[in-house]
Amino acid sequence: MKMEKQPQEVVLIGAGIMSATLSILLKKLNPSIKISVFEKLDKIGFESSEAFNNAGTGHSAFCELNYTPQGKDGNVDITKAINIAKQFETSKEFWTYLVENNYISSPENFLRKTPHMSFVWGEDDVNFLRKRHAAMSKHPLFKDMLYSEDFEQIKKWAPLIVTGRQAGEKVAATYMDIGTDINFGELTREIFKSLQQKGEITLETSHEVKDLTRLSNGKWAVKVKDLKSGNNKAINADFVFIGAGGGAILSLQKSGIPEGKKFGGFPVGGQWLICQNEEVINSHFAKVYGKAKIGAPPMSVPHLDTRVINGKKSLLFGPFAVFSTKFLKEGSNLDLFKSVNLGNVGFLMSCGLNNMDLTKYLIEQVMLSKAQKVESLKEYLPEARLEDWFEQTAGQRVQVIEEQTGKGVLKFGTEIVSSADGSIAALLGASPGASTSVSAMINVLTKCFPELMNNEWKKEIKNMIPIFGEDFNNAELIANSRAKTNSVLKIK
Ligand SMILES: Cc1cc2nc3c(=O)[nH]c(=O)nc-3n(C[C@H](O)[C@H](O)[C@H](O)COP(=O)(O)OP(=O)(O)OC[C@H]3O[C@@H](n4cnc5c(N)ncnc54)[C@H](O)[C@@H]3O)c2cc1C
């Protein structure tokens, strides 16, 4: 049975973008709530949410080709793209609310307008992109998307991707001017700093949640270790959110809830090539996404990204997959082994055997030398030079595996796992990730507090996010919402 009353004492595990978003939502929905956040690192937002640990793409489906699969009949299905674009508009309205209500001082600290492009070559992929553009540009969310097969036009958008190509090579690109590059680490820190300054939450860094025990009164006893002093303490909570990023599976297993037993995870490390040649960096200004290789998981779609981090412009390409048994970049090499038990070993192994394409892809990726990575980069930047690029470790992702009728099934999206009574929830998976954190956290609340979300909380959510629950086919509504978010977040 779900809890009907407002939660009063809440513990959030981890200080990443998900917990930051949920903290502020809960505080606005129930101002008397007591929120305690525990973060095991000595700083905030430094795991997957940190700028160079992710690609910083405001995922709005403008450029990500894996959100628009082509069916056997040749038609391009844009359903997923619409769904992700809706969630990103929701995030933008929420961030606009945060700027207007003094939770974020200056939007350019975390968000920059950066055009989003898709780029393909070869007859088949050009045909696909043309069809994708035709389907998408009919929808109000994508109506400003431009398309071209012309070298000269593409050169105006992103000169380096066509320079050095054979005349007559078949290429195509789409261009969306209102794309964004986002520093999710900075956004996390801004939100938590404001909440702390306003006295609305308590947040303790260097505090690791070690265990979760269900008490007879229905509350959770959260065992926390102060990593500096070595002392332990227990906090009682009537709602716990596991926002531990890649570490969420381990905390979920500690809770012992039956819903968690169906899940396991496989870590996939990430790596970027980062450009150190200022001339190259300054000649490119866009996020350019291509098509994934066969077997590649959706999050490994290659892209060439302009980033502006702490005011400094940079250019990165990737991600490449690397092997690691850690669930967090700052995690332990034992993470994967700790997560395997008698209950999940069978479906985890079956998943590996049933996904040989992915296994083959990962092995090939792990074997790549830097020179081979630069060869892949040359597909996007024909004149790339080995000496202009260095390798840098990105964040760690944990690929979610769910048990379904005895078999392990790979899940590529975000999974919210919660107990039947709604007293605990965990967020697993990292795709589309931080961009859709607002919708993900609204989904957590809807799953755990359906009555409240249907009644008293609904009005407050609408107050913060006017577009919430509206019809996104309504061109006027999208135009009005974007006029506001573009202006407040300085996207135009
Ligand atoms: C290579 C890569 C590229 C990506 N690109 C994008 C992108 O372009 N756009 C996008 O929107 N998303 C992207 N993502 C996904 C995005 O980074 C994540 O979805 C998002 O940052 C997850 O936020 P989080 O708060 O859940 O986790 P995190 O930011 O990882 O925060 C979890 C926190 O929990 C802490 N923690 C863990 N266990 C415990 C414990 N037991 N006790 C206390 N604290 C604990 C950790 O130290 C960490 O600080 C990418 C991810 C990767 C890895």
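Strands in this report are DSSP runs of E with at least two residues, numbered from the N terminus together with the helices. The structure is a predicted model.

## Cis peptide bonds

Strand S16, residues 312-322, contains Pro319. The peptide bond that leads from Gly318 into Pro319 is cis, and its omega is near -5 degrees. Pro432 belongs to the loop between S20 and helix H12 (437-448). Most peptide bonds are trans, and most residues other than glycine have a negative phi.

## Positive phi angles

Ser206 has a positive phi of about 55 degrees although it is not a glycine; Ser206 is placed in the loop between S8 and strand S9 (207-214). For Thr405, phi is near 40 degrees, again a positive value in a residue other than glycine. Thr405 sits in the loop between strand S17 (389-404) and strand S18 (407-411).

Is each of these residues buried or exposed? Ser206 has a relative accessibility of 7% and therefore counts as buried, the cut-off being under 20%. Thr405 has a relative accessible area of 82% and is therefore exposed, for which the value must be over 50%.

Positive phi values also occur at glycines in the turns of two hairpins. Gly230 lies in the turn between S10 and S11, with phi of about 85 degrees, and Gly422 lies in the turn between S19 and S20, with phi of about 70 degrees.

## The six-stranded sheet

Six strands form an open sheet in the order S8-S2-S1-S12-S20-S19, with mixed pairing. Strand S8 (202-204) and strand S19 (415-418) stand at the edges with a single partner strand each, so one side of each has no neighbour in the sheet. On average, neighbouring strands of this sheet are turned by 15 degrees against each other, direction ignored.

Both senses of pairing can be illustrated from individual strands. Strand S1 (residues 9-13) and strand S2 (residues 34-38) run parallel and are joined by five bridges; Glu9 stands opposite Lys34 in S2. S19 and S20, by contrast, run antiparallel and are joined by four bridges. Ser418 has Ala425 in S20 as its bridge partner. S19 and S20 form a hairpin with five residues between them.

In a regular strand the side chains alternate between the two faces of the sheet. In S19, Glu415 and Val417 point one way, whereas Ile416 and Ser418 point the other way, and all are buried.

Helix H1 (residues 17-29) lies across S1, S2, strand S12 (239-242) and strand S20 (424-428), and runs at about 165 degrees to S1. Helix H6 (residues 248-255) lies across S1, S12, S19 and S20, and runs at about 155 degrees to S20.

## A separate strand pair

Strand S10 (residues 220-226) pairs with strand S11 (residues 232-237) in the antiparallel sense over six bridges. Val222 stands opposite Ile235 in S11. S10 and S11 form a hairpin with five residues between them.

## Helix packing

Two packed helices are described by the angle between their axes and the distance between the axes. The table gives these values for two pairs.

| Helix pair | Angle | Axis distance |
|---|---|---|
| H1 and H12 | about 55 degrees | 9 Å |
| H2 and H14 | roughly 80 degrees | within 8 Å |

H1 and H12 pack at about 55 degrees. That angle makes H1 oblique to H12. The crossing of H1 and H12 is right-handed. On the H1 side the contact is made by Ile17, Met18, Thr21, Leu22, Leu25, Leu26 and Leu29, and on the H12 side by Ser437, Val438, Met441, Ile442 and Leu445. The residues of this contact divide into 10 nonpolar, two polar and no charged.

The axes of helix H2 (residues 79-100) and helix H14 (residues 456-464) cross at roughly 80 degrees, and H2 and H14 are therefore roughly perpendicular to each other. Glu93, Phe94 and Tyr97 in H2 meet Glu460, Asn463 and Met464 in H14. The residues of the contact of H2 with H14 comprise three nonpolar, one polar and two charged.

Note on methods: Residues are numbered from 1 along each chain as its sequence is written. Side-chain values use heavy atoms; hydrogens and water are left out. Two strands pair if DSSP finds at least two bridges between them. Axes are lines fitted to C-alpha atoms, for helices over the stretch in contact, and angles run from 0 to 180 degrees between N-to-C directions. Contact means heavy atoms within 4.5 Å. Buried means under 20% relative accessible area, exposed over 50%, partly exposed in between (1.4 Å probe, protein chains only). Angles under 35 degrees count as roughly parallel, over 145 as roughly antiparallel, 65 to 115 as roughly perpendicular and the rest as oblique. A crossing is left-handed if the near helix is turned anticlockwise from the far one by less than a right angle, and right-handed if clockwise. Ala, Val, Leu, Ile, Met, Phe, Trp, Tyr, Cys and Pro count as nonpolar, Asp, Glu, Lys and Arg as charged, and the others, Gly among them, as polar.
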